[in-house]
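Please consider the structure shown below, with attention to strand pairing and to contacts made by charged side chains.

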Amino acid sequence: MHTQSCSSKSQSSTDNRDRRGERRRKVDLLVNRFLNGYPYLCRATNISRTGIRVVPLGEPAATTRFMGLQFQLPGSEEIVTASGEAVFASGSRGPVGFASPACPGFAEQIGRFVAGRHD
């Protein structure tokens with residue numbers, strides 16, 4: 001599994017990029033986050049080709065590093081399934097930064113969505 005490391009480079013808050021250099025898009029999506037084999041509902045607040053920021057809605061306190069996600073992008077009928085790891089967490093019930101593995105299909109699909117193309 002490959003994840004990008006965080007860098008301390010400063011980015012303009014208006015260029016819609018995160019500190020790792022990937023373009024992000026704000027979203028409000030419901031996401032199933034799988035922890036230890038059980039699905040828990042979360043809300044995604046932004047997404048990029050390499051990851052998603054999710055906010056737990058009603059799950060037990062978790063410190064699980066590896067997890068799966070399942071969600072549907074707006075305007076698509078396809079269910080996106082990804083596995084990866086938490087790269088940051090704000091406490092045991094706070095927002096979680098999820099990094100996806102180097103998966104070309106996932107990255108391409110999310111990349112088109114972030115760029116505003118739904119082809």
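Which residue of β6 is the bridge partner of R53? The bridge partner of R53 in β6 is G97, and G97 is likewise the partner of F88.

This is a predicted model, in which local features need pLDDT of at least 70 and side-chain atom pairs count only at pLDDT 80 or more, while totals for chains, interfaces and linings use all residues. Residues are numbered from 1 along each chain as its sequence is written, and side-chain values use heavy atoms, with hydrogens and water left out.

Strand β6 covers residues 96–99, where strands (E, at least two residues) are DSSP runs numbered from the N terminus. Two strands are taken to pair if DSSP finds at least two bridges between them. Strand β3 (residues 51–56) is joined to β6 by four bridges and the two run antiparallel; strand β5 (residues 79–89) is also joined to β6 by four bridges, again in antiparallel orientation. The hairpin of β5 and β6 has six residues between the strands, and in this hairpin G91 takes a positive phi near 80°.

In a regular strand the side chains alternate between the two faces of the sheet. In β6, V96 and F98 point one way, whereas G97 and A99 point the other way, and all are buried, a class that means under 20% relative accessible area, with exposed over 50% and partly exposed in between (1.4 Å probe, protein chains only).

**Charged side chains**

Side chains of opposite charge can pair when their charged atoms come close. With a salt bridge defined as a side-chain nitrogen of Lys or Arg within 4 Å of a carboxyl oxygen of Asp or Glu, a search of the whole structure finds two.

| Salt bridge | Closest N and O atoms |
|---|---|
| D28 and R43 | 2.4 Å |
| R65 and E85 | 2.7 Å |

The salt bridge between D28 and R43 links distant parts of the chain, with D28 in strand β1 (residues 24–35) and R43 in strand β2 (residues 38–48), 15 residues apart. D28 is exposed, at a relative accessible area of 56%, while R43 counts as partly exposed at 34%.

In the salt bridge between R65 and E85, R65 lies in the loop between β3 and β4 (66–72) and E85 in strand β5, 20 residues apart. E85 is buried, with a relative accessible area of 8%.

A further contact involves R25, whose charged end sits over the ring of F113, 4.1 Å from its centre; the criterion is NZ of Lys or CZ of Arg within 6 Å of the ring centre and within 35 degrees of the ring normal.
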